[in-house]
Amino acid sequence: MTSFNSLNEEETRVAFIDPVLQARGWNILKGTMRLERTPGYIYKYQGEWDHGPGRTDYLLCLRPSPDDAPLPVAVIEAKKVDLPPDHGLEQAKGYAKRFNVPFVYSSNGRLFVAYNDVTKQTSTPQPMNAFPSHDEMLAQYEAVQGISLSDRAAQPLLTHYDLSDHTPRYYQDAAIRAVLEKLAKGGNRALLSLATGAGKTFLAVQLIKRLAEAGQVRKVLFVCDRKTLREQAHGAFQNYFGDDAQEVGVVSSDDRDKAKKNARLLFATYQTLDAGKRDEEANFLLNNYPPNYFSHIIIDECHRSAWGKWSEVLERNSEAVQIGLTATPRTLKVKEDSVEAKADLAVTADNVAYFGEPVYEYTLTQANEDGYLAVAEVAQFIIDRDEQGLTPDELAQLKLIDAKTGESLTADELEFKAGITKKAFEHQLQLPGRTAEMARHLFERLLIVGKGNPHHKTIIFCVEDHHCDSVAIALNNVYQEWCTANGQWPVDYYAFKCTAESDGKQYLADLRGSSNSHFIATTVRLLDAGVDVPAVQNIVFFVYLNSPIAFYQMVGRGTRLYESKLFFRVFDYTNATRLFGEKFETPDNGRTPDIDLTLDPDREDHPIHEPKERRRIVRVEGLGAVTIDDGLGGIVGERDGRDHIIPTAEYEAAVAERLLAEAPTLDAFRVVWVAPPQRSSLLQKLIDGGYSPHVLQELKKMYDYDLYDVLAQAGYAQRPMTRQDRAHAFVTANGAWLAGMPGPTAATLQAIVEVFTANGTRALENDELWEMPQVLAAGGENALFTYDPGVFNDAKARIFAA
């Protein structure tokens, strides 16, 4: 008979919690209880990336009438029967933010505790028969939120989604509800912060659709900063709203202009909103519509906005619901003492001051843990010449040429009295030798990660337009050499420039979709924000950055999942990845730095740059050898709530701490490891704590070791054994045991050990184990279980006994 105390969390929920919930009126079929499943964290196993087991969470939903859409308000965390009901409650509190629900319940099946995320209070343990009913929780929700779900302002919260495309993910639903709750409380401004690739446009479509279905949308204005983004957003909304969605700023006929004026949804760029300009777009919006004409305004990429003259449109529509969307982390502690970083700080300060704190946030590392966005592998490189710069004496020894005229120059003619630092490279000084070596080094890395195949969709961020040309040429030269040496026919447009100055937009379709051309795009800013290229596998930094906002936008080009793509690489030659985890914060005095924010700090017309036409660009020849060394490498994870490149030792210590909390001794760990349900639960707890054993295996490059040995070394200082050594030790130590059983039984166990040698513990828990040719040939499942039903589990324990 199974002891109740041996039940795991899932068994506890089924045996004790679910029946009580059913009796109290919570039912999946009635829509008052919902299961949320995620794809599962992304990890690397023996060199291949895969999804781990997804998380399943149980949400309780309000549904005042059968026609209402379910409204999630609580999440339930099940604990084992033999644990206190509040065990792990601190971790469970994070679910309130994750799901945007005010209530969290934790139960061991006998008792429960309730946590209120609004009041921050936790109840004392109570018997399960005291669990709130649907009507009781409805009253509690309305009380803590200060709203009535019967009011017109709250109706969008009970309006159904349009599921003709696909169902919103849990975080998209949570973000939408966060906005709708703020509106129901009387607010009219809301800020959402979601990682690039998390589907902000789809979220915006569903948000407006629900508001429209509730009869609360009159006219909508969607604003972004690029024509490409305008076109993408317009296309997404048009799928749901048809001709009621129209672009502004597109040359059209009189009939189309009439359609625009009559459309419910208009799509425009930021430039449209500059009241100081009198172009077609500005005239159309500011001259055709009276104040407070728009009922809703959505500002995409709002971190890029600066409150300039175009803010007149917001002021003219002060009664409108105004929603800001951003991919930039909410609070940023800017360490950089640079004009660009201060500009970032000021822009973000304005965003927060105008919209208020974000009503919902979803970070890159959260998306990685859920399995919705690709994991970033980082490799940093150090260029010796960049670290040294160029002194006046060194400049005097080099051949200096005016890059525009070809005339020879002397160091005395140039204003480089104090020498040149790396930030001037490819801005004031062109260094062909350095560019060629960086291109060659990158190409070699692409060959390594591609196992001899250099054809990867890649974006390289460069300094200026001419630098893009130089990098593309250098890469194509290296590529041609490789093709010749390996008897390969070169593809068209292996590396190509994709910038605004070169009308790079025309190449985007090939970069996205072509499998036999357009592999490496060199760009300045065209591909840093909003342009969707899911197939990109590598992001490369050849430019020095000080702007955390720009950095996150650039990295965001690689985060989207695509076919079998679960990760992407960041090749960093300029220490740009130091900006991971920089948090945006408003200055304590509430004032913003004294800088003209109407200019993008990375644009060439920003005050920190001298305009190109007045700048002498010098090509340097005879620089000598350039050496590139390996720097920090790792996987981007979360530490103290921030994105961070996690050093291996720190990550291992964190895994060990969490492991020891669950299994205090090596013997206890071994018992858990050989029992699949307990092992799975242990791994999930480690991952839920923010640290994945698979990531540790990747950081330590322990590809020949089973995950058991990775953890045993981390937590218990156990000397690790490769899978091959562990298999050999099993056969050696258990010769007498094997000899005492029938031949087919012993042969089958030895075949299973061979499978373990190749694939590790995971293979022993796969039903396909019994279909493996070597296992079938030895005698198979029948040879084991007719001899002794427990022999398989005994063998597993012996594998890990060494």
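**Exercise 1. Which residues does Ser107 touch, not counting residues up to four places away in sequence?**

Before we start, note that this is a predicted model, in which local features need pLDDT of at least 70, side-chain atom pairs count only at pLDDT 80 or more, and totals for chains, interfaces and linings use all residues. Residues are numbered from 1 along each chain as its sequence is written, and side-chain values use heavy atoms, with hydrogens and water left out.

*Solution.* 
- Step 1: Find the residue. Ser107 belongs to strand E6 (residues 103-107). Helices (H or I, at least four residues) and strands (E, at least two) are DSSP runs, numbered from the N terminus.
- Step 2: List the contacts (heavy atoms within 4.5 Å). Ser107 touches Ile17, Glu77, Ala78, Lys79, Pro85, Phe112 and Met128, leaving aside residues up to four places away in sequence.
- Step 3: Check the burial. Ser107 counts as buried because its relative accessibility is 3%; buried means under 20% relative accessible area, exposed over 50%, and partly exposed in between (1.4 Å probe, protein chains only).
- Step 4: Look at the side chain. One of its polar atoms lies 2.9 Å from the backbone oxygen of Leu111.

**Exercise 2. Find how many disulfides the whole structure has, then look at Cys498.**

*Solution.* 
- Step 1: Apply the cut-off. A disulfide is a pair of cysteine sulfur atoms within 2.5 Å, and a search of the whole structure finds 0 of them.
- Step 2: Take Cys498. Cys498 is in no disulfide, and the nearest cysteine sulfur, that of Cys468, is 9.0 Å away.
- Step 3: Cys498 is buried, at 0% relative accessibility.

**Exercise 3. Work out the strand order of the sheet of 8 strands, and say which strands stand at its edges.**

*Solution.* 
- Step 1: Read the order. The 8 strands form an open sheet, E22-E23-E21-E24-E25-E17-E27-E28, with mixed pairing. Two strands pair if DSSP finds at least two bridges between them.
- Step 2: Go to the edges. Strand E22 (495-497) and strand E28 (642-645) each have a single partner strand, so one side of each is left without a neighbour in the sheet.
- Step 3: Note the twist, which averages 20° from one strand to the next. For angles, axes are lines fitted to C-alpha atoms, for helices over the stretch in contact, and angles run from 0 to 180 degrees between N-to-C directions.
- Step 4: Zoom in on one pair. Strand E21 (residues 458-461) and strand E23 (residues 520-523) run parallel, joined by 4 bridges. Here Phe461 stands opposite Thr523 in E23.

Key
A polar contact is a pair of N or O atoms within 3.5 Å; within protein, one must be able to donate a hydrogen and the other to accept it, and residues adjacent in sequence count only if both atoms are side-chain atoms.
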